[in-house]
Amino acid sequence: MNKERILFIDLGSHYGGVETYIEGLTAILRPYSQAYAVCSLPKLTAHLRDQGVTVVCLPLLGSKWFKAVRLLLACFVVPFMILRFRIRTIQLNGYFESLLLGPLRLIGCKTIYTMHGPFETELYSWFRNPARFFPRALSRLSLRFASQVVCVSETVGAIARTVLPEEKVRVIANWVQPPSTFRQAFSIPGHPQLLFVGRLEEYKGVQFILEALRELPGVSL
C-alpha cells in the first residue's frame, strides 16, 4: 500500500501545546502515512525522528523575534522537501506558518491548517503591539487559502466559520491519553487547591480563574 506523504510545519520557538499536538498526530497517522517535518525545536526534532519522521530542523537563532527569519528559511526548505520527496499534503500550525498557505496552494498542494485558538486581533493594537497584531491579522486573511481547517474545539470552529464556508471547517477536539486505571471516587478537601498549567499570558485565560476565585473563599491557586 502506498502511504500518503505528509509534511508537517511548525516554526515555534518554545515547546508547548502545538508541539505536543504534532507528536500525537504523527503517531496516530503513522500506519497510514509517511511523515516529514520542518521545525525549529531540537526536542521536537528528536521526538519526531524517534517516530521515524524525516525532519529538517531550522535554527532557532536565539530569540523568538527571529521567527520571521525562520519563516523566510522555510520558504526555501519547504519547496525542496516537496520536490525531493514528492509531497502533496501539507499540515501547518501557528500564525506565522499560516502565511505559507497561499504559496503552497498556488503550487498545487493540499493544505490542512490546524487552528489551535482564536485570532485575538481585538486584544492587541497594531501600533503598540505589532509583533502580536500583524501575525494574527495576516493569519486570518491567509486562512482562506486552506484546503481544510481543523479546529481543536467548537468555540474555535465557530470563529473559523466566520471566515470560511462550513464545508472547509472540521472540529476535532484535542485528545487526552487516558490513564490505565481510574479512581472510582474523588473527595474534595475542605480547602481545595487548583493547579493552572500554562504560560502566564492574557490569551491563556488565567485572569478568568483569578476573577472566579474572588467568589470562592478558601480556594487557593
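What share of the 221 residues in the protein is buried? Buried residues make up 36% of them, where buried means under 20% relative accessible area, exposed means over 50% and partly exposed lies in between, using a 1.4 Å probe and protein chains only. Keep in mind that this is a predicted model, where local features need pLDDT of at least 70, side-chain atom pairs count only at pLDDT 80 or more, and totals for chains, interfaces and linings use all residues. Residues are numbered from 1 along each chain as its sequence is written, and side-chain values use heavy atoms, with hydrogens and water left out.

Let's start with the overall layout. Walk along from the N terminus and you'll read β-α-β-α-β-α-β-α-β-α-β-α-β-α. The C-alpha atoms fill a box of roughly 60 × 50 × 40 Å along the principal axes. Now look at contacts (heavy atoms within 4.5 Å): of those between residues at least 6 apart in sequence, 56% join residues at least 24 apart.

Next, pick out the helix α1. Its 13 residues reach 18 Å from the first C-alpha to the last, close to the 18 Å expected at 1.5 Å a residue; the expected span is 1.5 Å times one less than the number of residues. Glu19, Tyr21, Ile22, Glu23, Gly24, Leu25 and Thr26 are the buried ones in α1. They pack against β1, α2 (42-50), β4, β5 and β6.

Some of those elements turn up again around a pocket. On a 1 Å grid over the protein atoms alone, a pocket is an open set of points where a 1.4 Å probe fits, with protein on both sides within 12 Å along at least five of seven lines, and lining residues have an atom within 4 Å of a point. The second largest pocket has a volume of about 360 Å³, meaning the space filled by probe spheres set on the points. Of its 17 lining residues, Leu25, Leu29, Ile112, Val150 and Ile172 are closest to the centre. The elements giving two or more residues to this lining are β1 (4-10), α1 (17-29), β4 (89-93), β5 (110-115) and β6 (148-151).

Finally, the cysteines. There are 0 disulfides here, a disulfide being a pair of cysteine sulfur atoms within 2.5 Å.

Note on methods:
Helices (H or I, at least four residues) and strands (E, at least two) are DSSP runs, numbered from the N terminus.
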